[in-house]
Structures are given as C-alpha cells and as structure tokens.
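Let's take a friendly walk through one protein structure.

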Amino acid sequence: SPVPGIPRGRAVAVGVIWTSMVLGEDGRVYVWGQNNFGFLGGTDRGPTFVRRQPTAVAGLERVIGIAAFEYGGAALRDDGTVWMWGEDREGLLATGALTLSGQSGKSYFTPRRVAGLDGVMQIPGGSKHMLALKSDGTVWVWGANRYFQLGLGDTERRGVPTTIPSLTGVTRIYAN
C-alpha cells in the first residue's frame, strides 16, 4: 500500500533493515526509520531516535538518483553532482578519511557534495562502497574494498573517487 507522507516515488533504496529512502517525483529524498549513523539527516543524531513519518532530507532538491548503504545515503542531483551523508567508514563518504574495518568514522548529518566528481549519470551503492558512472563512460569507485569490490585489482580502501582504468564506454552499472 502507499506510504503516507510522500509524493509518488521514482526510486526506492534500503541500506539496512531499519531505514528506508524514497526519491519522490518532486525531486526530494524522503527517509524514515531508525537514525543509525545519521541516515535521517538533519540534527537528530541519536541512534535511539526513530522517525515514523517520511521526511525530506534538508538541502536535497532536484535529485534524479539515490543509493543507500549500511551507514548512510547518497543522492545524484540533476547537475551531475553527488551528495552523501551518514557515517564516513572506510572512505564511504569520499572525504579522504579512511578508517579500519569496524571502526567508527566521523558522522555528517547534512548532505555534503563529493568533491571532484562531476558529470555523473548513475550512483549504485553496495553496503560499504559506492560506484559512479560519468557521462564520459568512465566508472569511479570508493569505500571499502576487502573483497575486491572496487574492481581495482587490490583490497585497499579508497577515501576519494578513483577511476577504474580498464572500464571505458560503459553505459550502465550495478552494485550489490
């Protein structure tokens, strides 16, 4: 049945079992559930805080794509920029900071633009890593990489978007 409190949706993303995200036809991102890791945005920082009603993430408008992961969310705006919020574990928020597996990172409760990443068309995410497809057909990756999920031939975490040199002319990407 329809979820009350949000306009018609264009996309749904679920990063973990206790949070949900919908991209509304109005270009805004709506989130609800438990506020682990700052997923709900804003200033409601406690993990015991539960938002029962879908609420738009402040500062995100003109969004055309969304991704949810274990520690937060990402939004792709119509100008090709990527915005992320939540907890920056293992480089997931592309701030340049890296933590070890299992360590907590700095939380960002307000969406921040991913620096140096423009012209993005698609943003799938895994539980602890992100991918971005740029309009020039290149694929960019960052975050955890324990199981080679970044496709770079090693297991080093990346705290900033890094291109996969062997992939060019790509038209669609997926992550799991």
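The model you see is a predicted one. Start with Thr 138, which sits in the loop that links β10 (129–134) and β11 (139–143). Is Thr 138 buried or exposed? Its relative accessible area is 16%, and because the cut-off for buried is under 20%, Thr 138 counts as buried.

Now look at the side chain of Thr 138. It makes a polar contact of 2.6 Å with the side chain of Asp 136, and another polar contact, of 2.9 Å, joins it to the side chain of Trp 140. Setting aside neighbours within four places in sequence, Thr 138 also touches Ala 132, Leu 133, Thr 163 and Leu 167.

## Glu 90, another loop residue

Next, find Glu 90 in the loop between β7 (82–87) and β8 (107–113). With a relative accessible area of 6%, Glu 90 is buried. Leaving out neighbours within four places in sequence, its contacts include Leu 98, Lys 128, Arg 157 and Arg 158.

## A sheet of four strands

Which strands build the open sheet? There are four, in the order β5-β6-β7-β8, and they pair in the antiparallel sense. β5 (63–69) and β8 are at the edges with a single partner strand each, so one side of each has no neighbour in the sheet. On average, neighbouring strands here are turned by 10 degrees against each other, direction ignored.

Inside this sheet, β6 (residues 72–77) and β7 are joined in antiparallel fashion over five bridges.

Conventions: Residues numbered from 1 in each chain as written. Predicted model: local features only at pLDDT ≥ 70, side-chain atom pairs only at ≥ 80, totals over all residues. Heavy atoms only, no water. Helix = DSSP H or I, 4+ residues; strand = E, 2+ residues; numbered from the N terminus. Buried < 20%, exposed > 50% of the residue type's maximum accessible area, 1.4 Å probe, protein only. Polar contact = N/O pair within 3.5 Å; in protein donor to acceptor, adjacent residues only side chain to side chain. Contact = heavy atoms within 4.5 Å. Pairing = 2+ DSSP bridges. Axes fitted to C-alpha atoms, helices over the stretch in contact; angles between N-to-C directions.
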